[in-house]
Structure formats: C-alpha cells, structure tokens
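Take it one heading at a time, with the model open beside you.

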Amino acid sequence: MMPQSDAPPAPPADPAGAILRPATTEAIEDAAAALRAGRLVVFPTETVYGLGADARSDIAVASIYAAKGRPDTNPCIVHVPDLAAAAPLAALPTAAAPLAAAFWPGPLTLVVRRRPDSPLSARVSAGGATVALRAPAHPVALALLRAAAVPVAAPSANRSGAVSPTTAAHVLADLADGPGPKPALILDGGPCRVGVESTVLDVSGPHPRLLRPGGVTREAIEATLGIAVAAREDAREDAPLASPGLLSSHYAPALPVRLHATAAHPGEALLGFGGTPGATLDLSPAGDLAEAARNLFAMLRTLDSPAYAGIAVAPIPHYGLGQALNDRLRRAAAPRSGRAAPSS
Ligand code: TXA
Ligand code: MG
C-alpha cells in the first residue's frame, strides 16, 4: 500500500541538532511532552523567547543554567497560565489579585514568597524565600503551559549576558552552538509583540518595589494599586549613578554601545529614534515607544557587526515604555569587566 500522502513533512533540524518547528498544535503537544520528560523547550512569549523547563525538577532547572551559562545565584521566572495555577506555588499577597486581574496574562512578573509546601525546585529561587511568577500573553505559551500542566521555569533564551531573543532565529544563533545542553524543541511563533522583557515587581514585602522596568509601565501599576511604587536605585533612568559598578553589563552586544548620541562618530552605526538624521536604523521613525521596544533587540543584533566600530544610540524619552528601553540600553552600554549580573 502507498504511504499516506497527507503525512506532514519531517520537521527541519538545524545543523546543531536543535529542532525548530512552527508552533502548530502538534508541535506544542510534543513540546509539552518534552517538558514533562524533563527536557528543555524554547517557546515564544509576547516579550521575548523563553528557555523553559519543568520548574518542579532540580535536574531540569539545572539544565537551563547550564544551557545559558547563567550563574545559579540568579533566580528565574516561573510561568503559569493564570492566577489559579500560581496559588499552590506561593503565598500570594493581597496585591496579587488586582495586579493579575489588570495585567495577566501579560508582561508583569510578581515576586512573592514561596509556600513552605511549594512543589517548585529551590533552584528557581536560587535558594531564596521568594519566587517570581508570570502568566505570559502569548497563545503559544499559554497553550504550552496548559498542555504541559506543570509550572515552567524560563529565563530569556539567550546566552547569559547577551541580547534577548525576539525571534526563533535569534535563539538558534545564540544557543545552537553553545557548550551546554540543547533544547529538545524550539517553537517558532514569529517575532515577539512587546520585544522587551516583563516588568519585575516585588510584592513580597510591605511595599511594592520595581526591580526591573519592562512591558508594563510603572504608571500603569501605580494606577492599579493606587500607591506610588519605588524603583530599585540602579533601575532609575534619570538618577546619576552612585557608582558605575552598580550597573552590570547585560543585554549587551559585542560592540561597545554609546548612549545619548546625536550623530555617529567615525566607524559607528547610529541607532536612531523618532527620525534621527543620518541613522543607520531607526527604532521608530514615528517616535512610537511600543514600536521601538519591538525593534530594540533585533536592531542591536543587526548593528552588532564587524562592519562597525561601535553602536551609538539616540536619546529615548524616559516615560512609559521608555523606562524599560533606557534600562536595557544602559546595561548594554555598561562597563564590560564584571559581567556577572543580577538580570539576565
Ligand atoms: O519577559 C520575561 O520576563 C522573559 C520571558 C521569557 O518571560 N523572561 C525573562 O527572564 O526575562 P530572565 O531570567 O531573563 O529575567 C528574570 C529577571 C532577572 O532579572 C531575575 O534576577 C529576576 O527576574 N528574578 C527572578 N526571580 C526573582 C526573585 N525570586 N526575586 C527577585 N528577582 C527575581
Ligand atoms: Mg534574560
């Protein structure tokens, strides 16, 4: 008998052996099975691509750190489909319900205290008493979390310290030829809609603290909570640095990055904003911060080329999503010596 002609073609394997597949229902089912089997899976979220593993398994979580070359002192975010799935993992403070109602699924990560009986591996918390939780607003991520039915630990799917991936091709470029364990599967869901990582908000103590500006603005969080939210000192875009050492290099291209540039120096590429004259690339010719966030990491990767001596970046406004953009750019431009960083 003839073989069935409607059988799907074999998925293309990249040369390094990781498997890149369009995020079809079948591929998502296979990815869920791989997660349950303790393997690594790369999946799209609305912010950046994540490198996921079963957050209950010490061995699976350890393989994330090995694959990224990430110091195991840096905790990672645990992804859940909704607040109900978060409840067994952590002691949720009263602020969690209004924040989740306003922003989940979406680019807000809540740092909360672990429950004593939490099934999560201690490694997702780097041995600490808190855990970071988020429900991503991406249909593929949500379908994967529901199919796997396990909490999924997932940092951004890049080598530690490098620019976060906003396409599946970026993930391949970063992780395919690294020394660590390879993902079983990379689900390709196209380019990420938000383009910068989630906002990390610590609600484990008496006062909420913004640990990392991201896809949800501080203004929106303050409007929901009805109180002011303090930012970690080194996360303030407008504060003079108490010490340059406070800013660890991160989200960094190989080339040096120079900020607040109005023109390129000889040999530099110029990353513009809002129609900067002479820009090599413009984050948003129309001056739209959401468009700029979507383009930031991909454009930094494009300009990070031996054709240039450095990347000069035009000034970006400080309000709204501009806080996240300026935070990532400051880290990209930070001195490269002590590359171990609190954020990856
Ligand atoms: O948008 C995102 O957040 C993406 C997608 C994949 O969800 N994930 C991401 O993860 O950016 P990662 O690991 O690259 O960044 C997580 C940040 C780090 O700065 C980490 O230090 C912080 O969250 N973090 C994680 N757990 C924490 C905890 N328990 N307490 C304080 N900070 C924590
Ligand atoms: Mg990261």
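## Ground rules

Helices (H or I, at least four residues) and strands (E, at least two) are DSSP runs, numbered from the N terminus. Two strands pair if DSSP finds at least two bridges between them.

This is a predicted model, in which local features need pLDDT of at least 70, side-chain atom pairs count only at pLDDT 80 or more, and totals for chains, interfaces and linings use all residues. Residues are numbered from 1 along each chain as its sequence is written, chains are lettered from A and ligands numbered from 1 in the order in which they are written, and side-chain values use heavy atoms, with hydrogens and water left out.

## Strand β3 and its two partners

Let's start with the hairpin: six residues link β2 to β3. Strand β2 covers residues 41-43 and pairs with β3 in the antiparallel sense, over three bridges. Within this pairing, F43 sits opposite G50 of β3.

Strand β3 also pairs with β8 (residues 152-153), again antiparallel, through two bridges. Here A53 faces A153 of β8. How many residues of β3 are buried? Five of the five residues in this strand (50-54) are, where buried means under 20% relative accessible area, exposed over 50%, and partly exposed in between (1.4 Å probe, protein chains only).

## Strand β7, parallel and antiparallel

As a reminder, strands of a sheet pair through backbone hydrogen bonds, either parallel or antiparallel. Strand β7 (residues 130-134) takes part in both kinds of pairing: parallel with β4 (residues 77-79) over three bridges, and antiparallel with β6 (residues 108-114) over four.

To find these pairings on screen, look for H79, whose bridge partner in β7 is R134, and for V111, which stands opposite A132 of β7. Four of the five residues of β7 are buried, so the strand counts as mostly covered.

## Leu99 in helix α4

Now move to L99, a residue of helix α4 (residues 96-103). Is L99 buried or exposed? L99 counts as buried because its relative accessible area is 0%.

Contact means heavy atoms within 4.5 Å. Leaving aside neighbours within four places in sequence, the contacts of L99 are W104, L108, L110, L201, V203, I221, T224 and L225. I221 lies 122 residues away from L99 in sequence, yet their C-alpha atoms are 7.5 Å apart.

Strand β14 (residues 268-272) runs parallel to β15, joined by two bridges, and L271 has L281 as its bridge partner in β15. Axes are lines fitted to C-alpha atoms, for helices over the stretch in contact, and angles run from 0 to 180 degrees between N-to-C directions.

The axes of α8 and α9 (residues 322-333) come within 9 Å and cross at roughly 25 degrees. The two helices are therefore roughly parallel to each other (angles under 35 degrees count as roughly parallel, over 145 as roughly antiparallel, 65 to 115 as roughly perpendicular and the rest as oblique). Where they meet, L289, A292, A293, L296 and F297 of α8 touch G322, L325, R328 and L329 of α9.
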